[in-house]
Amino acid sequence: MDNLLLPIVIPGAVGLLVLFLPARMRALHLLLGIGGALATFGAGALLIDTRGAVSWPWMDLGGLQLDFALKMDAFSSWAVAFTGLMAVLTAAYGAGWFRGKGGAPGRYYAWLLLATAGACGVLLADNLLLLVLFWELVTLMLFLLAATGREEGAPGAAKAFGVLGLGDMALLVGVVLIGLDRTWSISELAASPLIADQASYVLMYVLLLVAAMAKAGAMPLHSWIPTMATGTHASVMAFLPGAVDKILGIYLLARISLDWFVPGDGLRLAVMTIGALTILGAVFMAMIQHDLRRLLSFHAVSQVGYMLLGIGTGTIIGVVGGLFHMLNNAIYKACLFLGAGSIERETGTMDLGRLGGLVRVMPLTFGAMFVAALAISGIPPLNGFASKWLIYEACVAAEMPLFLIAALFGSALTLASFVKVLHSVFWGPKPTEMDGVREGGGGIGMPLAMVTLAGLCILLGVFAAWPLDNYIGPAVGLEAGGAVTGAATLEGNPAAWSDVDGTEPVDRPYPLGTLEPLLLTGLLAVGVLVLLLLAHAGQMRMRRVRPVFVGGQPFDRDENRFPGTEFYRTVQDLPAVGPALRLGASGQLDPYEAAQRAGTPAVRVLRRLHSGLVRDYLFWCLLGIAVVIAVLIGS
Amino acid sequence: MVDIIPLFVLIPLGAAFVCLLAKKKLPAAAPTVSLASALALLAMAVACHVEGASGASIAGAWSLELHGGVAFIPGIALVLDGLSAIFLLLVALVSSVVIVFGLRYMDSYDGRPLYYALLNLLIAGMNGAVLAGDLFNLYVFIEIASIASYALVAFGTGGHEIEAAFKYLMLGAVASASILIGVGILYASTGLLNMADIGAMVAAGNVSEGALLAAAALFLGGLGLKAAMMPFHAWLPDAHPSAPAPISAMLSGLLIKTLGIYALVRILYVVIGMDGPLGGSLQTILLVLGCVSMLGGVLLGLGQTDFKRLLAYHSISQMGFVLVALGANTWLGVAAGLFHAVNHALFKGALFLSAGSIERITGTRDLSKMGGLAKVAPMTAVGTAGAALSIAGVPPFNGFWSKLLILIALFQAGLPVVAAAAAITAVLTLVCFTKVQRKALFGKLPDRLATAKDVPLSMSMPVLLLALLCLLGGLMWPLGLDDVIGDAAAAVRTDAETNDAPASYRKLVHDLGRKP
């Protein structure tokens with residue numbers, strides 16, 4: 001069972017080794033970085049069918065019990081392997097990013113691998129405190145990746161550490177409360193989950209929920225992601241806020257909602273409401289962004305809403321949909337961020353107003369981002385559609401039409417937003433400043449990572465039944481064929497996986513609603529084929545080529561462009577939405593800045609009290625002694 | 001081991017005199033003698049721990065007998081138990097590192113032999129205070145250390161240094177007066193000075209409650225001022241930043257703990273008794289003032305851009321953590337508080353030293369005028385970042401563990417509101433030190449610093465060493481760190497429901513009295 005150590009020890013050891021290698025050995029850094037990530041993925045993949053637990057005692061002090069205890073179950077197994085895969089792709093991409101540029105890859109790979117080790121540790125931990133330790137290691141590595149990467153990254157890194165620090169502290173306090181009240185062992189906790197019906201248990205649940213929300217980036221604790229996005233490497237954004245932080249946050253949310261607690265209806269409704277608000281609020285914010293990385297970061301926030309919504313329903317179909325969406329989101333969101341990184345590397349800008357017409361010069365980037373954009377918008381037959389469909393069905397089954405509308409509307413707005421992105425970056429006339437742009441300056445690593453991710457978007461969409469049956473379903477106790485074991489806390493959804501009286505299983509390929517991805521893909525393929533044939537037949541003889549001119553003048557590519565940045569400006573004039581967006585854009589709704597505004601007067605008062613006069617200070621001392629005497633006499 | 005106890009005071013005292021005597025003829029002797037003395041103290045402190053680890057416990061007592069025969073006639077009783085031992089080790093460790101750092105840092109100051117003499121006097125005073133077995137000698141040693149520190153704060157002899165030292169002296173005089181009056185009140189009502197004997201009388205109920213109450217209030221005020229507990233803290237934000245960097249590290253890292261926290265723990269637990277009639281209200285006072293110090297200190301720290309002043313406010317805040325942990329009045333609380341005091345000495349020592357290095361590199365203490373130092377001063381930057389992460393409570397650094405233990409102790413003692421205040425303070429501390437790292441170490445290097453160079457190794461290594469100790473302190477749990485801290489706490493508060501640690505302290509001292 002010591003094998004369970006591998007996904008933690010391999011990246012941890014290689015990461016430390018890379019950290020202490022001399023800075024000149026760049027090739028070795030790259031080799032070790034990619035090799036370490038590959039080895040981690042390999043270990044995760046080999047262990048995917050392993051089940052078991054292992055434990056070493058570490059510390060037992062005054063009620064605190066910290067064991068180095070690991071456990072691999074049906075949930076953590078695929079999450080670990082998937083984290084390893086994301087590390088491999090990010091590492092490969094990074095090799096391209098650093099090619100021909102200055103900057104030390106050593107630290108990048110060291111922090112990346114240590115973050116991977118931390119993430120695998122969180123997913124494997126079987127002791128609450130151990131989970132906190134790994135959890136905070138990931139936070140620290142996020143800070144270091146952002147702070148040491150680029151000069152502009154420092155402010156975003158600090159804010160991210162601040163907001164995540166709040167979440168981490170909530171996690172720590174919540175875990176301490178659980179540990180002192182019940183047990184420090186996660187297995188024991190899962191064996192008898194806490195019924196969240198009294199105030200103290202609700203408090204613990206809420207504390208852990210805050211931690212999960214901060215990590216995953218649900219509103220209103222999302223604000224670190226957009227700030228960080230403006231100054232941080234795209235590959236860092238792709239790996240941590242885009243993929244791994246989502247996995248960890250949603251992993252924790254799923255654990256507390258399914259295994260550790262039995263949340264009441266009120267808590268579930270709260271989680272769903274936060275989810276729905278996150279979907280809509282963030283997608284509106286995304287629509288009015290001008291900076292590609294920042295725009296993508298708001299979509300990263302928006303997608304978390306779907307996961308919260310799905311898990312919040314508390315039905316099997318919803319939870320499975322939420323977890324599948326977490327996986328899918330990591331794939332397409334990483335692909336989008338990596339694509340943005342390639343564009344920035346070649347063009348030097350992320351301003352949607354300056355980009356344009358790159359479809360011919362960056363075809364691989366376009367292809368990958370196009371697929372990912374369709375996936376994030378929930379277009380069939382891609383993976384984003386499959387998971388969103390499960391969530392829609394969960395909303396229907398839970399009889400929550402408002403949430404269904406929010407989810408559908410959010411998808412539509414996401415599509416609208418990506419139409420803007422695709423238009424602004426790839427389509428339309430190419431501005432003259434983009435003339436020298438070529439793809440492939442970073443070697444094979446960058447397109448390889450993007451195309452792999454885009455391929456996964458298609459595969460996981462068309463063959464969605466495979467991960468659902470083999471990995472995600474079992475994670476919530478759902479076995480292939482429809483039998484439900486474990487997951488006692490989940491409400492079954494009779495409409496979805498059995499007939500009306502809830503006894504007989506229906507014969508579906510898998511018991512998760514009406515989704516038939518293969519059939520759907522076939523029908524779509526036929527439809528598209530017919531459409532193409534019709535279009536081809538109709539346009540065959542109408543094609544003509546003439547130079548374009550406008551108003552009798554030759555067409556000026558720079559004068560006559562209409563960049564997509566203006567597409568949805570009118571959103572800001574809508575009633576209710578407009579003012580909310582302005583509040584959001586000015587930072588009024590950001591808890592980090594709100595706390596700063598609230599704290600400043602207190603600090604000012606305290607500073608004014610410190611007059612620098614010995615007279616005043618002596619008075620305080622005497623007053624203090626007098627108060628102490630009064631308290632002592634009073635007792 | 002008992003025989004070497006007086007050496008902890010005599011060696012630095014002797015070194016101080018040598019530094020002064022050799023001032024004219026052989027100025028180079030001062031740093032050598034000081035370093036040798038500090039290293040000797042370190043070796044002795046380590047030896048005490050090794051001895052203690054192999055024997056039953058770290059214990060011993062020694063008394064200078066002027067009249068022969070019966071002990072405790074005018075004499076100096078020095079008592080070494082687990083609590084004293086850990087502070088002796090801390091003083092020796094941090095002062096050695098600080099002396100190494102000062103070898104080059106003090107180049108820009110005149111009168112260096114005087115600096116070394118005062119530094120040694122400071123060490124002698126702190127060691128004496130930690131070992132003193134009777135109240136009057138405790139007071140005398142506190143005064144020795146305090147007077148040395150007043151002079152050291154003014155060592156730069158600039159306008160604001162003198163002003164800061166003057167304020168510190170004025171408030172310090174109030175503290176000394178109230179401690180002395182407190183000692184007097186107890187002496188008047190018991191006829192005794194030995195802490196163990198007074199503790200025995202108090203425990204037996206033979207001391208009037210009024211006297212005890214007045215003494216407790218005066219000790220809390222006086223020692224609270226030494227420990228920079230709010231509202232007795234006002235001298236610290238001026239005094240600590242004004243001193244030369246090595247002295248700032250000594251004052252913030254050691255002085256407020258040996259004179260403040262140690263003396264407070266010893267007197268409250270052994271003499272006045274936290275389980276006695278006053279125990280409940282003493283606990284309340286510690287908790288309330290601790291919370292005020294934690295939150296007030298961190299808020300003031302957040303508003304600062306002067307690096308050293310920011311650090312000074314955080315010292316107040318971190319001492320608040322120690323006070324609330326002591327206020328929990330459980331073994332785990334005392335252990336967590338002591339552990340945090342030890343950790344604070346390490347990381348705050350490192351931070352004040354690195355503030356000195358950074359001031360030397362950039363020529364400023366203003367955080368808003370710095371940036372990108374990780375590029376030009378990598379060694380200093382790594383040390384600073386490690387210490388900053390440690391005070392911010394990020395695992396696996398030691399600060400995380402002590403804050404975690406404090407939280408657990410507070411929850412176990414049924415004090416969730418105080419625990420919440422501690423958690424909020426910890427988050428604010430993290431935010432503040434993230435700001436420090438962002439402004440000083442990362443981000444854009446200002447043009448005027450493009451050619452700046454890192455400080456010499458003798459200044460960067462001490463910071464790195466302390467940061468490394470912060471990291472090791474967090475990772476050393478399997479190596480018995482919990483035993484060391486646990487023993488120190490058990491010297492004043494045992495794990496049991498009723499606290500029998502003061503009784504064993506009395507037994508330790510009385511065994512000394514019967515020694516042939």
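**Close-up views of a predicted two-chain model**

**View 1. Helix H14 of chain A and its buried residues.** The buried residues of H14(A) are A:Thr365, A:Phe366, A:Ala368, A:Met369, A:Val371, A:Ala372, A:Ala373, A:Leu374, A:Ala375 and A:Ile376. Keep in mind that this is a predicted model. The helix runs over residues 363-376, and its 14 residues reach 20 Å from the first C-alpha to the last, close to the 20 Å expected at 1.5 Å a residue. With 10 of those 14 residues buried, H14(A) is largely enclosed by the rest of the structure. Among the elements of chain A that cover its buried residues are helix H12 (292-313), helix H13 (316-347) and helix H15 (383-397); helix H16 (401-425) and helix H17 (445-462) are there too. Just after H14(A) comes A:Gly378, with a positive phi of about 75°.

**View 2. Chain A as a whole.** Zoom out for a moment: chain A has 23 helices and six strands. Its radius of gyration is 26 Å, close to the 26 Å that the globule rule gives for 635 residues, so chain A is as compact as a globular protein of that length. Along the principal axes, the C-alpha trace spans about 100 × 75 × 60 Å. Of the 635 residues, 55% count as buried. Take the contacts in chain A with a separation of 6 or more, and 80% of them link residues 24 or more positions apart.

**View 3. The largest nonpolar core.** This core has 454 residues, and A:Cys335, A:Ala372, A:Leu453, A:Cys457, B:Leu410 and B:Ala422 are the ones with the most contacts inside it. The top contributor is helix H10 of chain B (residues 245-272), which gives 20 residues. Look around B:Ala422 and, leaving aside residues up to four places away in sequence, you'll find it touching B:Met294, B:Phe321, B:Val324, B:Ile406, B:Leu407 and B:Leu410.

**View 4. Where chain B touches chain A.** Chain B puts 53 residues into this contact and chain A puts in 47. On the chain B side, the helices that each supply at least two residues include H6 (159-190), H8 (209-226), H11 (279-302) and H13 (331-362). Helix H17 of chain B supplies the largest share of that side, nine residues. Sorted by class, the chain B side has 36 nonpolar, 12 polar and five charged residues.

**View 5. Helix H1 of chain B.** Residues 7-21 make up this helix, whose 15 residues reach 20 Å from first C-alpha to last, close to the 21 Å expected at 1.5 Å a residue. Its buried residues are B:Phe8, B:Val9, B:Ile11, B:Pro12, B:Leu13, B:Ala15, B:Ala16, B:Val18 and B:Cys19.

View 6. Most residues other than glycine have a negative phi, and most peptide bonds are trans. The loop between H8 and H9 of chain B holds B:Ala228, which has a positive phi of about 60° although it is not a glycine. B:Ala228 is buried, with 31 other C-beta atoms within 10 Å. B:Pro231 is also in the loop between H8 and H9 of chain B, and a cis peptide bond with omega of about 5° joins B:Met230 to it. Another cis bond runs from B:Pro395 to B:Pro396, with omega near 5°; B:Pro396 lies in the loop between H15 and H16 of chain B. Over in chain A, A:Ala576 is not a glycine but has a positive phi of about 70°. A:Ala576 sits in the loop between strand S6 (553-554) and helix H21 (577-585), and it counts as exposed, with 7 C-beta neighbours inside 10 Å.

Key:
Residues are numbered from 1 along each chain as its sequence is written. Chains are lettered from A and ligands numbered from 1 in the order in which they are written. This is a predicted model: local features need pLDDT of at least 70, side-chain atom pairs count only at pLDDT 80 or more; totals for chains, interfaces and linings use all residues. Helices (H or I, at least four residues) and strands (E, at least two) are DSSP runs, numbered from the N terminus. The radius of gyration is taken over C-alpha atoms; the globule rule is 2.2 Å times the number of residues to the power 0.38. A residue is buried if 20 or more other C-beta atoms lie within 10 Å of its own, exposed if 12 or fewer, and partly exposed in between; C-beta atoms are placed from the backbone. Two residues are in contact if their C-beta atoms, placed from the backbone, lie within 7 Å. A nonpolar core is a set of buried Ala, Val, Leu, Ile, Met, Phe, Trp, Tyr and Cys residues joined through C-beta atoms within 7 Å. Ala, Val, Leu, Ile, Met, Phe, Trp, Tyr, Cys and Pro count as nonpolar, Asp, Glu, Lys and Arg as charged, and the others, Gly among them, as polar. The expected span of a helix is 1.5 Å times one less than its number of residues.
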